[in-house]
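Me: Could we go through the ring contacts in this one? I'd like to take them one at a time.

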Amino acid sequence: MKYSIVMPVYKRSEVIELSFNSILKQSLQPIELIIVDNNTVLEETNILKLILGTYRDKFNFPIHYIKSPKNSGSQARNVGAKKAKGEFVAFLDSDVVLDKDYYEILISYFFSNKNLIAIQGLDRALLKETNLE
């Protein structure tokens, strides 16, 4: 079950590390992480690149960085999906914290239900982390 994560990023430097850490803890690791930078402010792009630099050695898979020509979430997802090499493409917002078995459960559920063409899930971990639960 090889999957790629596509993550559009726009002004999330203050929370993106929470998302990265939750990817590190996944029981089923992706084959790659594709970051699509939607930032329109150079300072945000520079902060993102610094954060990415600290995580490159932590991930056991490649991180691909793409600078988006315009700020558009849907366009960023499409750009990332075209680059993805996995059998599945997982779109992950840069402010989402995943449960450790999130992708393992999601992909297993997908395989056990042959009529599905797409699937999404609830971010319970972020609700707990931000006391919104």
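Me: Which charged end sits over the ring of Tyr-55?
Reply: That of Lys-58, 4.5 Å from the ring centre, where sitting over a ring requires NZ of Lys or CZ of Arg within 6 Å of the ring centre and within 35 degrees of the ring normal. This is a predicted model, in which local features need pLDDT of at least 70 and side-chain atom pairs count only at pLDDT 80 or more, while totals for chains, interfaces and linings use all residues. Residues are numbered from 1 along each chain as its sequence is written, and side-chain values use heavy atoms, with hydrogens and water left out.

Me: How many aromatic pairs are there?
Reply: The count is 8, taking rings of Phe, Tyr and Trp (its six-membered ring) with centres within 6.5 Å, and calling planes under 30 degrees apart stacked, over 60 edge-to-face and the rest tilted. One of them is Phe-20 with Tyr-55, edge-to-face at 5.1 Å centre to centre and 65° between the planes. Phe-20 belongs to helix 1 (residues 16–24) and Tyr-55 to helix 2 (residues 42–55), 35 residues apart; helices (H or I, at least four residues) and strands (E, at least two) are DSSP runs numbered from the N terminus.

Me: Is Phe-20 buried or exposed?
Reply: Phe-20 is buried, at a relative accessible area of 0%, and Tyr-55 is buried too, at 2%; buried means under 20%, exposed over 50% and partly exposed in between, with a 1.4 Å probe and protein chains only.

Me: Which residues form one aromatic cluster with Phe-20?
Reply: Tyr-55, Phe-59 and Phe-61.
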